[in-house]
Amino acid sequence: MNQWNTILFYLLGVNSIAFVWMGMDKRKAEQKQYRIPERTLWMLAILGGALGIWLGMKLYRHKTRHRRFVFGIPVLFFGHCVFLIYYLFNGWV
């Protein structure tokens with residue numbers, strides 16, 4: 001069970017960072033400042049932060065016109081869920 005605590009702690013951290021960075025990018029966009037690259041946001045999502053990016057999209061209304069984000073982030077999030085559930089029931093951890 002200790003390994004699951006580590007995984008949950010990691011996911012909480014990466015999703016928190018992703019959520020905050022979406023808010024920062026939205027603020028920078030409004031102020032016409034240098035932005036966080038989309039590649040960075042995607043990398044955070046791939047590394048487990050898809051939920052944070054998705055919640056940031058909804059709360060901040062940011063990246064909602066980008067089809068890759070609107071469709072890709074939820075698919076990635078559900079893929080992460082399937083991955084975790086599969087390994088949860090197959091004794092991976």
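The protein chain has three helices and zero strands, and reading along the sequence gives the pattern α-α-α. Helices here are DSSP runs of H or I with at least four residues, strands are E runs of at least two, and numbering starts at the N terminus. What you have open is a predicted model, in which local features need pLDDT of at least 70, side-chain atom pairs count only at pLDDT 80 or more, and totals for chains, interfaces and linings use all residues. Residues are numbered from 1 along each chain as its sequence is written, and side-chain values use heavy atoms, with hydrogens and water left out.

**Start with the whole chain.** Colour by pLDDT, the predictor's confidence in each residue from 0 to 100. The chain averages 93, and 97% of the residues score at least 70. Zoom out, and the C-alpha atoms fill a box of roughly 50 × 25 × 20 Å along the principal axes. Of the 93 residues, 29% are buried; buried means under 20% relative accessible area, exposed over 50%, and partly exposed in between, using a 1.4 Å probe and protein chains only.

**Next, select the annotated spans.** An unreviewed UniProt entry places the feature "transmembrane region" at residues 7-24, 40-57 and 69-89. UniProt positions follow the numbering used here, feature names are shortened, and annotations may be inferred rather than shown by experiment. Pick 69-89: this span is 100% helix and 0% strand, with its end C-alpha atoms 30 Å apart. Now pick 40-57, which is also 100% helix and 0% strand; here the end C-alpha atoms lie 15 Å apart.

**Now show M22.** This residue sits in helix α1 and counts as buried, at 0% relative accessibility.

**Turn to the largest nonpolar core.** A nonpolar core is a set of buried Ala, Val, Leu, Ile, Met, Phe, Trp, Tyr and Cys residues joined through side-chain atoms within 4.5 Å. Of the 17 residues in this one, select L41, I53, M57, F69 and I73, which touch the most other members. Helices α1, α2 and α3 each give two or more residues to this core, and α2 gives the most, with seven.

Helix α1 (2-30) supplies the largest share of the lining, six residues. By type, the lining holds 13 nonpolar, three polar and no charged residues.

**Finish in the loop between α2 and α3.** Select R61, found in this loop: although not a glycine, R61 has a positive phi of about 50°. K63 lies in the loop as well and has a positive phi of about 65°, again without being a glycine.

Terms used:
Nonpolar A, V, L, I, M, F, W, Y, C, P; charged D, E, K, R; others polar.
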